[in-house]
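The following exercises concern the architecture of a single protein chain. Each task is followed by a solution worked in steps.

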Amino acid sequence: MTDGFSVPGPAADDPLAASVARVADLADKLGIGHDEVFDVDTLSEASGVPADVVSALLDGRPVGETDLQARFLQRFDLLRRTRLKPNGRRYTQQEIADGAGMSRQQAGALINGDRRPTMEHCDAIQRFFKVHAGFLTAGDRDALVGALHRTEQRLLQDFVGESDPLERLLQDHGVRGIAWRAAQLPTDKHRDKVTEWLDLLLESVKPTDP
């Protein structure tokens with residue numbers, strides 16, 4: 001058990017169980033408590049998944065999947081409550097509209113659920129709030145796996161110290177997860193974006209000549 005839920009063993013056909021097991025293993029090696037790396041509220045804010053659903057998924061309990069519209073509204077509301085302006089206030093509807101490149105009426109219709117979002121709407125809102133692609137649309141399990149993967153990256157960087165964290169991540173932890181998530185994307189255009197992002201990331205971590 002890990003603070004109320006079981007840590008499953010890695011399973012090739014269950015990315016969530018595998019992610020939980022890897023994060024738990026890294027936390028143990030670093031002497032970090034499981035209550036910290038599996039904090040339900042933190043994972044909820046990072047993934048957009050409601051805290052009760054995060055808790056159920058970590059427990060291995062079945063949860064129903066909401067439709068895209070309900071998921072969008074829930075996560076858009078979470079962004080507005082948790083991603084605040086530097087002064088601690090929420091962004092206004094007009095500020096969201098201006099930042100996302102849409103009219104105030106469009107933003108209001110999306111916020112109130114009077115209009116179904118397009119992928120362009122989602123991309124623009126995600127960029128405005130500086131969250132990862134898919135935050136507003138990914139299924140709950142996939143979103144939680146993504147949040148755990150980012151936790152794993154941070155822990156792995158601490159674990160490997162001065163060695164190359166990206167290489168270690170790809171070799172030991174990330175390959176199956178990256179490939180699995182890329183395979184779920186609906187079109188080649190989306191998969192090309194993943195490839196482009198990875199190329200940029202690889203370029204950014206290349207050592208520079210002295």
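Helices are DSSP runs of H or I with at least four residues, numbered from the N terminus. The model to which this numbering is applied is predicted.

**Exercise 1. Describe the overall make-up of the protein.**

Step 1. Counting the secondary structure elements gives 11 helices and zero strands. Along the sequence, the pattern is therefore written α-α-α-α-α-α-α-α-α-α-α.

Step 2. Of the 210 residues in the protein, 37% are buried.

Step 3. The protein exposes about 12,000 Å², and 51% of this area is supplied by carbon and sulfur atoms.

Step 4. Among contacts with a separation of 6 or more, 60% are between residues 24 or more positions apart.

**Exercise 2. Determine the relative orientation of helix 3 and helix 4, and characterise their contact.**

Step 1. The axes of helix 3 (residues 40-47) and helix 4 (residues 51-59) come within 9 Å and cross at roughly 110°.

Step 2. Angles of 65 to 115 degrees count as roughly perpendicular. Helix 3 is therefore roughly perpendicular to helix 4.

Step 3. The handedness of the crossing between helix 3 and helix 4 is right-handed.

Step 4. Helix 3 contributes Val40, Asp41, Leu43, Ser44 and Ser47 to the contact, while helix 4 contributes Ala51, Val54, Ser55 and Leu58.

**Exercise 3. Which residues of helix 4 are buried, and against which helices do they pack?**

Step 1. Val53, Val54, Ala56, Leu57 and Leu58 are the buried residues of helix 4.

Step 2. These buried residues pack against helix 1 (15-30), helix 3 and helix 9 (140-160).

Step 3. An α-helix has 3.6 residues a turn, so residues three or four places apart point the same way.

Step 4. Just after helix 4, the backbone at glycine 60 adopts a positive phi of about 80°.

Definitions and conventions. Residues are numbered from 1 along each chain as its sequence is written. This is a predicted model: local features need pLDDT of at least 70, side-chain atom pairs count only at pLDDT 80 or more; totals for chains, interfaces and linings use all residues. Side-chain values use heavy atoms; hydrogens and water are left out. Axes are lines fitted to C-alpha atoms, for helices over the stretch in contact, and angles run from 0 to 180 degrees between N-to-C directions. Helices (H or I, at least four residues) and strands (E, at least two) are DSSP runs, numbered from the N terminus. Angles under 35 degrees count as roughly parallel, over 145 as roughly antiparallel, 65 to 115 as roughly perpendicular and the rest as oblique. A crossing is left-handed if the near helix is turned anticlockwise from the far one by less than a right angle, and right-handed if clockwise. Contact means heavy atoms within 4.5 Å. Buried means under 20% relative accessible area, exposed over 50%, partly exposed in between (1.4 Å probe, protein chains only). Accessible areas come from the Shrake-Rupley method with a 1.4 Å probe; for residues, only the protein chains shown count as cover.
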